[in-house]
Every structure is written in structure tokens, then in C-alpha cells.
Amino acid sequence: MAFKTPSKGMTRSKGLQTKKPLQAKPRSPADQIKAQKKAMQAATLRALEKARRTAAEQGIALSEWENDFIDGVTERVKTYGRAFADPDKGAMNGTLSLRQGVKLREIRKKAQKGKQAAPEEDENE
């Protein structure tokens with residue numbers, strides 16, 4: 001044979017340096033549901049903030065009603081975990097009702113139109 005193997009074999013001078021156990025304990029279904037709800041709430045808060053930030057960056061003035069809508073929904077999601085109470089108005093595990101989701105999409109579309117229209121104005125000058 002062309003290769004020599006060490007007489008001791010491969011050994012590690014130190015043990016594994018980790019503080020966590022190698023196998024994670026499986027999460028219970030209740031913990032999984034809580035994690036999903038928390039992730040949904042975070043996604044909703046990010047979407048609301050992104051709508052506000054995009055409109056501000058593009059110089060689009062949101063109406064007083066739209067600002068109140070974003071503030072109110074943000075506050076309710078942070079406080080209660082969702083922005084509506086009637087289960088007939090949206091999904092049981094959702095954070096926004098159907099109409100709130102539609103209005104949020106309208107605000108984001110309004111901000112996006114401003115984003116697309118801005119480069120066209122610069123080209124015409």
C-alpha cells in the first residue's frame with residue numbers, strides 16, 4: 001500500500017465545542033402553532049412598516065385615514081396578535097381581515113406606482 005495509516009487512528013484532541021445538545025428536542029404542536037403565529041405577526045408588522053417606508057421614500061403623502069389605518073392595525077397586532085375580532089371577516093389564524101389585507105395592498109400599490117413613475121419623470125427632463 002502506498003499510504004500509511006496512523007497507528008492510533010484518527011482521534012480528536014478536544015471534544016466538540018458546543019453548548020447545545022446535538023439533537024434538538026422535537027417541539028410540541030402547541031409550540032409550533034405559537035411559533036407560526038409569532039412569525040405571521042412579524043410578517044404583518046414588516047409589511048405595514050414597508051408600506052409606510054416605501055411611501056415616505058417616494059415622497060407620496062398618505063392620507064390621514066391611511067396613516068391612522070397603519071397605526072391602528074400595527075397597534076392591534078402588537079397588542080392582541082391580530083387586527084380583527086370577528087372570525088367571519090378573515091382566517092382564524094390570520095393577522096389581518098380580508099378587507100384589511102386589501103387596503104394594505106392598495107396602499108403598497110399606491111407607493112409602488114410612485115416608485116415606478118419617478119424614473120419616468122427624470123427621463124423626460
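## Salt bridges in a predicted model

E66 and K110 form a salt bridge, with their closest N and O atoms 3.1 Å apart. A salt bridge here means a side-chain nitrogen of Lys or Arg within 4 Å of a carboxyl oxygen of Asp or Glu. This pair links distant parts of the chain: E66 sits in helix α2 and K110 in helix α3 (residues 98-124), 44 residues apart. Helices are DSSP runs (H or I, at least four residues), numbered from the N terminus.

This is a predicted model, where local features need pLDDT of at least 70, side-chain atom pairs count only at pLDDT 80 or more, and totals for chains, interfaces and linings use all residues. Residues are numbered from 1 along each chain as its sequence is written, and side-chain values use heavy atoms, leaving out hydrogens and water.

How many salt bridges does the structure hold? It holds three.

| Pair | Closest N to O |
|---|---|
| R52 and D71 | 2.5 Å |
| E66 and K110 | 3.1 Å |

R52 lies in helix α1 (residues 29-58) and D71 in helix α2 (residues 64-80), so their bridge ties together parts that are 19 residues apart in sequence. K103 and E106 both belong to helix α3. They are three residues apart, about one turn of the helix.

Burial comes next. Buried means under 20% relative accessible area, exposed over 50%, and partly exposed in between (1.4 Å probe, protein chains only). E66 is buried, at 8%. R52 is partly exposed at 25%, and D71 is partly exposed at 40%. E106 is also partly exposed, at 41%.

How values were computed
Helices (H or I, at least four residues) and strands (E, at least two) are DSSP runs, numbered from the N terminus.
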